[in-house]
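Please walk through this structure helix by helix, and then through its aromatic side chains.

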Amino acid sequence: MEMFLQGFPIFLLIFCRITAFFVVAPVFSTRNVPNTFKLGFCFFISLLVFLTYGLKQTIVPDAEYILAIIREILAGVLLGFTAYLFFTIINTAGSFIDMQIGFGMANILDPMTGASAPLLGNFKGMIATLVFLSINGHHFLLSALIQSYEWIPISNALFAHIHSGSISSFMTTMLVQSFMLALQMSAPLVVAMFLTDVGLGFLARTAPQYNVFVIGIPIKLLVGLLMLSVMMPGLIIIYEHLFDQMFAAMQKLFSILQGPAA
């Protein structure tokens with residue numbers, strides 16, 4: 001009983017970080033994964049981390065223990081959101097493409113997130129999930145989560161980093177980078193749709209008898225789907241580069257949290 005009372009506070013801190021990570025992490029946080037499996041998986045991962053790392057730690061469950069729980073939850077959410085941010089790039093790029101092709105009004109309910117998602121963004125998201133699983137990206141996420149206790153120990157200075165602004169600067173940089181990557185991913189189709197609009201504009205000026213509003217929609221659909229089919233073979237390379245950027249961002253976050261707070 002004494003060993004249980006000594007180890008339970010540390011196990012609870014580990015469980016809070018891991019559970020918070022899986023709440024927002026890509027693939028693991030989807031609605032298709034049952035909540036019972038999520039809780040059981042978090043419990044066993046927390047148990048493994050506790051047996052390998054937590055047995056060496058000591059903590060006094062005093063009044064600051066509540067702040068330690070909040071700090072661990074924030075650390076888990078921060079790690080998971082950094083990874084999830086790169087999956088939102090695909091939906092953002094799909095939104096840009098849908099608005100240009102004409103699928104903007106055809107937003108559908110994404111069964112993985114339970115939110116409204118663009119048509120092409122949802123399609124590309126499914127492909128990205130398959131590519132992510134095929135390169136064992138979920139294994140890398142689990143490895144990063146377990147190794148986070150080496151980079152970010154339980155007695156970390158997360159609040160000091162938040163106060164110094166290093167976390168805010170990192171998240172702002174990641175948001176800007178994700179938006180730029182979304183623009184780069186959608187640029188070929190957006191430019192093709194822009195040139196199609198320019199061509200339709202010239203057609204309307206040179207041949208007014210053609211109803212551009214009637215023939216423009218199917219032409220943009222055909223051009224957009226043709227460009228999408230041409231880009232499909234290169235999506236795997238693009239997604240692999242995107243996931244490399246994601247793991248590099250998580251590594252940068254580890255280095256920020258490991259360093260001294262300003």
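Which residues are buried in α8? The model is a predicted one, and in it the buried residues of α8 are Val212, Gly216, Lys220, Gly224, Leu228 and Met231. Around the helix axis they cover an arc of only 115 degrees, which puts them on the same side of α8. The other side of α8 carries Val214, Leu222, Leu226 and Val230, which are exposed. The buried residues of α8 have four helices as packing partners: α3 (65-101), α4 (119-134), α7 (166-206) and α9 (235-258).

Buried in α2 are Lys38, Cys42, Ile45, Ser46, Val49 and Phe50. Seen down the helix axis, these buried residues fall within an arc of 140 degrees, so they line one face of α2. Thr36, Phe44, Leu48 and Thr52 are exposed on the other side of α2.

In an unreviewed entry, UniProt lists residues 7-29, 35-53, 65-90, 185-203 and 210-239 under "transmembrane region". Two of these spans can be set against the model. Residues 7-29 are 78% helix and 0% strand, with their end C-alpha atoms 28 Å apart. Residues 185-203 are 100% helix and 0% strand, and here the end C-alpha atoms lie 29 Å apart.

Helix α7 also holds Ser178. With a relative accessibility of 9%, Ser178 counts as buried, because the cut-off for buried is under 20%. Beyond its neighbours within four places in sequence, Ser178 is in contact with Leu85 and Ile89.

The aromatic side chains come next. The structure holds 16 aromatic pairs. One of them is formed by Phe43 and Phe44, whose ring centres are 5.5 Å apart and whose planes stand at 75 degrees, so the pair is edge-to-face. Phe43 counts as partly exposed, at 36% relative accessibility, whereas Phe44 is exposed, with a relative accessible area of 53%. Another pair joins Phe132 and Phe243: the ring centres are 5.0 Å apart and the planes are at 70 degrees, so this pair too is edge-to-face. Phe132 belongs to helix α4 and Phe243 to helix α9, so the pair ties together parts that are 111 residues apart in sequence. Both Phe132 and Phe243 are buried.

Which residues form one aromatic cluster? The cluster is made up of Phe11, Phe15, Phe43, Phe44 and Phe50. Of these, Phe50 is among the buried residues of α2, while Phe44 is exposed on the other side of that helix. Another kind of ring contact involves a charged side chain: Arg17 lies over the face of Tyr149, at 4.2 Å from the ring centre.

Terms used:
Residues are numbered from 1 along each chain as its sequence is written. This is a predicted model: local features need pLDDT of at least 70, side-chain atom pairs count only at pLDDT 80 or more; totals for chains, interfaces and linings use all residues. Side-chain values use heavy atoms; hydrogens and water are left out. Buried means under 20% relative accessible area, exposed over 50%, partly exposed in between (1.4 Å probe, protein chains only). Helices (H or I, at least four residues) and strands (E, at least two) are DSSP runs, numbered from the N terminus. The arc is that of the directions from the helix axis to the C-beta atoms. Contact means heavy atoms within 4.5 Å. UniProt positions are given in the numbering used here, feature names are shortened, and annotations may be inferred rather than shown by experiment. Rings of Phe, Tyr and Trp (its six-membered ring) pair if their centres lie within 6.5 Å; planes under 30 degrees apart count as stacked, over 60 as edge-to-face and the rest as tilted. A charge sits over a ring if NZ of Lys or CZ of Arg is within 6 Å of the ring centre and within 35 degrees of the ring normal.
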